[in-house]
Amino acid sequence: MKQLRRLRDICLKDLLIVAKDRGSWIVLLLTPLAVIMVASFALGPAFEGQLKATLLVVNLDQGAIGRQLTDSLGQTEGLEVREATEAQCEALEIDGKTYKTCMMVPDDFSSSILTGSNTYLTVYVDPSDNASRPFLVGMIQGAASRLSGTVAAVRVSVAEVLKFAPETDPVMVATDAAPVAFQQMSGEQPVSVDVSSSGSAKDVNMFDTQAPGYSVMFLLFGVMLGAEGLLEERDKGTLGRLLVAPVARPAILGGKLMAQFVIAILQMTILFGIGHFVFGMHLGRSIPGLVLMVGMTAFTATAFGILLASAVRTRRQATSIGTLVIILMSALGGSWWPLSIEPQFMQTIGHLTINAWALDGMNALIINGKGFMDILPQAAVLFVMGCGAYLIGLRLFNFRSS
Amino acid sequence: MPLVVAENLVKRYDQLTAVDGVSFTIEEGQIFGFLGPNGAGKSTTISMLSTYLDPSGGDALIDGFSITREPRKVKDIIGVVPQDIALYPTLTAIQNLRFYGKMYDLGGEELDHRCRELLELVGLWDRRDSRIEQFSGGMKRRINMAAGLLHHPRFLMLDEPTVGVDPQSREHIFETIFKIRDSGTTILYTSHYMEEVELLCDYIAIMDKGKLVASGTLKELLAILGEGGVIELEMSAPECPEGLEAELGRQQGVTSVKQQDGRLVISSKNSAHSLPPVLRVLEGSGCEVTHLEIYKPNLEKLFIHLTGKELRE
């Protein structure tokens, strides 16, 4: 009982020290909040479909079909079409401003289609642009597909007319049928796609996708500060003073870890709270589930802190090695981008990190609208990881300064 | 009656032996001084007595409890004032004391009263709500000392408590130590400042290279050099002629003669009486004296006499 009281008093003392230290609050709250806001506002338009991509177009076609195609692209949501010359198209530059993609329609485009020949659209791309190129090329390919479908329909129509009136000029029939068919092409499509979000969070915003990842990363940085604090206590003799007092070692470390755990919970709660009340971040439909995930993440991160403190000899090492490990874990574990875009082997490696399991659980709750029972496996894995890290850390930590 | 009995304490680190078979006893109510240069093994000895370090060999009993077998009981009896300022710099003086008091199960009014008593003792009650980081080095040392006294330890270990402090704080620390001694607390005091040990300690042990090289009261220790004084001579010839030491030893009042680094160190019951015959003998032997110094014995000279080097080397 005495040792529990001492554990509590050590925890309260550490909390008081952190409360008085403005530098800690900058790392724990202001920095993550700033990074989350920047990432959310910067990437939000792209992720939420509000970003407009510009496609340069050179239409050399003498007939109407080329114009029909470029008009069709101009009506595409999220796409702006800008006319260019051949030279500008090849250089992907107009008046000093660079563009990512340009489509060139050949001069015999309409006539080739009307006479039943195949034709080609030439597309110039910026090889360094991996972000908008798939979208722009996809748009051109979609428009080309729709056009090919329409041309096929016109050809079928011509063939049917020729069955009943073989003396008819096929080019004349095609010329008559083409405008009607192309009007159909640019009008309402007979088959359209309705996109729905899975789960309960129908209107996921950027804070939903960015806040958990960065929060977990900065939680780990906060814990790294705790590890440095533990080593500082050892170096400056305050830990030694506790060792010569009647305080059991588990009570000393337990108190310090308890304080770090409370700080981690507070940090996540404040970040999610600001995200929710100020920026409209969703918290999912299971608050108990989110509480469990935050708790398990804080527990495991705290255990990582003691493991870090036990694995290094100096505070400088804790900073450098800790920063390296946290950045690697964040990159591998999905704090910066969705784990799902990584190759399978990277996803497997990523699941060796705290970040991956924490984000699997949090994303399931916040984005996919899963319930308490659904995230129990992730919580269990975090708990096991945390216990392992604690046991190894407690075994290896050197209480005495060398 | 001894409160502390240390027997053959040893501490080894790989190839280095920091403390090499140290034995001593400390009587209850005594201020026992460890004097020695940095690296002599004083702090390591305190670390073992305070149960911070496990001895590599030997043992010590504090109030009958073994530091190796009963460290938890020892911790209740001892108080330690480490050489480092082991305080939390962003907490106030009273927050630090309250925290350490709670580690010794003090609480409520008893803790409040004790904090006030100690802050008044070290003269910093008015600064109780100031952060430690705002204090001078001397003030930090005084709070550092107060933190080791919260639980009324029977045996207090002070490890170089005046390092880096201003003269005013040093005086304050000395006054505090005497008050603690007067309250019945037994004190182990380490320092490499000879004057402090001479002033404060009832019994002195001189350490060098992990070993006790001499121990006793100040009077007993100084008697090793000679009660009346020491005549130290440097001569043109580095070595004395054969038989000169024996002849000098027979002169009036001379108690010992020793050659050290080309100098003759002559201890005497009365240096004023011994000097003329000594000089006559040297003149007769053809030795030319280039430098002569007469001084009263002190710990600094004793340390040189015993180890061949200065205390602050």
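Colleague: Does α11(A) pass α15(A) in a left-handed or a right-handed crossing?
Modeller: In this predicted model, α11(A) passes α15(A) in a left-handed crossing. As for the two helices themselves, α11 spans residues 287-311 of chain A and α15 spans residues 376-396 of chain A, and their axes come within 8 Å of each other, crossing at roughly 25 degrees.

Colleague: Why are α11(A) and α15(A) called roughly parallel to each other?
Modeller: The term rests on a cut-off, since angles under 35 degrees count as roughly parallel. The crossing of α11(A) and α15(A) is roughly 25 degrees, and α11(A) and α15(A) are therefore placed in the roughly parallel class. Sorted by class, the residues of the contact of α11(A) with α15(A) are 19 nonpolar and 5 polar, with no charged residues.

Colleague: At what angle do the axes of helix α1 and helix α10 of chain A cross?
Modeller: Helix α1, residues 2-20 of chain A, and helix α10, residues 249-279 of chain A, have axes that cross at roughly 45 degrees and come within 7 Å.

Colleague: At what angle do helix α3 and helix α6 of chain A pack?
Modeller: Helix α3, residues 65-74 of chain A, packs with helix α6, residues 133-164 of chain A, at an angle of about 130 degrees, and their axes are 10 Å apart.

Colleague: What makes α3(A) oblique to α6(A)?
Modeller: To count as roughly antiparallel, an angle must be over 145 degrees, and the roughly perpendicular range ends at 115. The angle of about 130 degrees lies between those two limits, which means that α3(A) is oblique to α6(A). The crossing in which α3(A) passes α6(A) is right-handed. On the side of α3(A) the contact is made by A:Leu69, A:Ser72 and A:Leu73, and on the side of α6(A) by A:Met139, A:Ala143, A:Arg146 and A:Leu147. These contact residues are 5 nonpolar, 1 polar and 1 charged by class.

Colleague: Turning to chain B, in what order do the 4 strands of the open sheet stand?
Modeller: The order is β12-β13-β11-β14 in chain B, and the pairing is antiparallel.

Colleague: Why do you say that β12 and β14 of chain B stand at the edges?
Modeller: Each of them, β12 (254-260) and β14 (289-295), has a single partner strand, so one side of each is left without a neighbour in the sheet. From one strand to the next, the twist averages 15 degrees.

Colleague: How do you know that β12(B) and strand β13 of chain B are joined?
Modeller: Two strands pair if at least two bridges are found between them, and here 6 bridges join β12(B) to strand β13, residues 263-268 of chain B, the two running antiparallel.

Colleague: What is the pairing in the open sheet of 6 strands in chain B?
Modeller: The pairing is mixed, and the strands follow the order β6-β7-β8-β3-β9-β10.

Colleague: What makes β6 and β10 of chain B edge strands?
Modeller: Both β6 (78-81) and β10 (211-216) pair on one side only. Within the sheet, strand β7 (residues 155-159) and strand β8 (residues 186-191) of chain B run parallel and are joined by 5 bridges, and B:Phe155 has B:Thr186 in β8(B) as its bridge partner.

Colleague: How many residues does the contact take from chain A and from chain B?
Modeller: It takes 19 residues from chain A and 19 residues from chain B. On the side of chain B that touches chain A, the elements giving two or more residues are α2 (71-77) and α3 (93-103) of chain B. The residues of that side divide into 10 nonpolar, 3 polar and 6 charged.

Key. Residues numbered from 1 in each chain as written. Chains lettered and ligands numbered in written order. Predicted model: local features only at pLDDT ≥ 70, side-chain atom pairs only at ≥ 80, totals over all residues. Axes fitted to C-alpha atoms, helices over the stretch in contact; angles between N-to-C directions. Parallel < 35°, antiparallel > 145°, perpendicular 65-115°, else oblique. Left-handed = near helix turned anticlockwise from the far one by under 90°. Contact = placed C-beta atoms within 7 Å. Nonpolar A, V, L, I, M, F, W, Y, C, P; charged D, E, K, R; others polar.
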